[in-house]
Amino acid sequence: MDEVPSLQLECLSNYIAELSLLEYGMLQYAPSLVAAASVFLAQFILAPSKRPWNSTLRHYTLYAPSDLNDCVRQLHQLCLDGNSSSLPAIREKYSQHKYKFVAQKHCPPLIPSEYFTI
């Protein structure tokens with residue numbers, strides 16, 4: 001986590017969380033779970049070869065990576081579908097300099113299953 005600039009991580013996490021607000025299906029998840037899953041996915045996007053969840057995040061969120069699996073995968077799909085969305089306002093907002101252009105980051109097509117194990 002230290003290698004990723006914290007402002008970029010914050011902006012990308014916020015972008016992912018805001019994407020969830022447009023999807024009715026995301027209401028099944030607690031806000032704390034969406035927040036944790038957004039951080040998980042943001043870490044993965046910024047450093048795909050590194051495990052996105054660690055013991056510190058688990059300690060402070062009380063979520064194990066396996067708890068995040070379904071929510072992360074739904075958020076991941078939202079990121080992948082972002083370019084073709086009929087509601088581009090959030091993507092346009094986070095494509096600005098003040099948000100570090102995070103909406104333009106490449107989202108890897110697959111998240112390794114082993115990232116959801118302890």
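This is a predicted model: local features need pLDDT of at least 70, side-chain atom pairs count only at pLDDT 80 or more; totals for chains, interfaces and linings use all residues.

Residues are numbered from 1 along each chain as its sequence is written, and side-chain values use heavy atoms, with hydrogens and water left out.

**Stop 1: helix H2**

Select residues 31-46, which form helix H2. Helices are DSSP runs (H or I, at least four residues), numbered from the N terminus. H2 has 16 residues and spans 22 Å from its first C-alpha to its last, close to the 22 Å expected at 1.5 Å a residue; the expected span is 1.5 Å times one less than the number of residues.

How many residues of H2 are buried? The number is 12 of 16, and H2 is thus mostly covered. Buried means under 20% relative accessible area, exposed over 50%, and partly exposed in between (1.4 Å probe, protein chains only). Among the buried residues are Leu33, Phe40 and Leu41. Next, display helix H1 (6-20), helix H3 (55-61) and helix H4 (65-81), which are included in what covers the buried residues of H2.

**Stop 2: the nonpolar core**

Select Tyr15 and Ile16, the residues with the most contacts inside the largest nonpolar core, which has 35 residues. Such a core is a set of buried Ala, Val, Leu, Ile, Met, Phe, Trp, Tyr and Cys residues joined through side-chain atoms within 4.5 Å. H1, H2 and H4 each supply at least two residues of this core, and the largest share, 10 residues, comes from H2.

Now centre the view on Ile16. Leaving aside neighbours within four places in sequence, Ile16 is in contact (heavy atoms within 4.5 Å) with Ser38, Leu41, Ala42, Ile45, Leu75 and Cys79.

**Stop 3: aromatic rings**

The whole structure holds five aromatic pairs. Rings of Phe, Tyr and Trp (its six-membered ring) pair if their centres lie within 6.5 Å; planes under 30 degrees apart count as stacked, over 60 as edge-to-face and the rest as tilted.

Select Phe40 and Trp53, a tilted pair with 6.1 Å centre to centre and 40 degrees between the planes. Phe40 is in helix H2 and Trp53 in the loop between H2 and H3, 13 residues apart. Phe40 counts as buried at 0% relative accessibility, and Trp53 counts as buried at 9%.

Phe116 lies in the segment after helix H5 (89-93), 76 residues from Phe40. Then select Tyr15, Tyr94 and Tyr99, which form one aromatic cluster.

**Stop 4: a salt bridge**

Side chains of opposite charge can pair when their charged atoms come close. Select Lys93 and Glu18, whose side chains meet in a salt bridge at 3.1 Å, N to O. The rule requires a side-chain nitrogen of Lys or Arg within 4 Å of a carboxyl oxygen of Asp or Glu, and the count comes to one. Because Lys93 lies in helix H5 and Glu18 in helix H1, the pair ties together parts that are 75 residues apart in sequence. Lys93 is partly exposed, with a relative accessible area of 27%.

**Stop 5**

Finally, select Cys79 and Cys107. The whole structure has zero disulfides. Cys79 is buried at 12% relative accessible area, and Cys107 is buried at 10%.

Key:
A disulfide is a pair of cysteine sulfur atoms within 2.5 Å.
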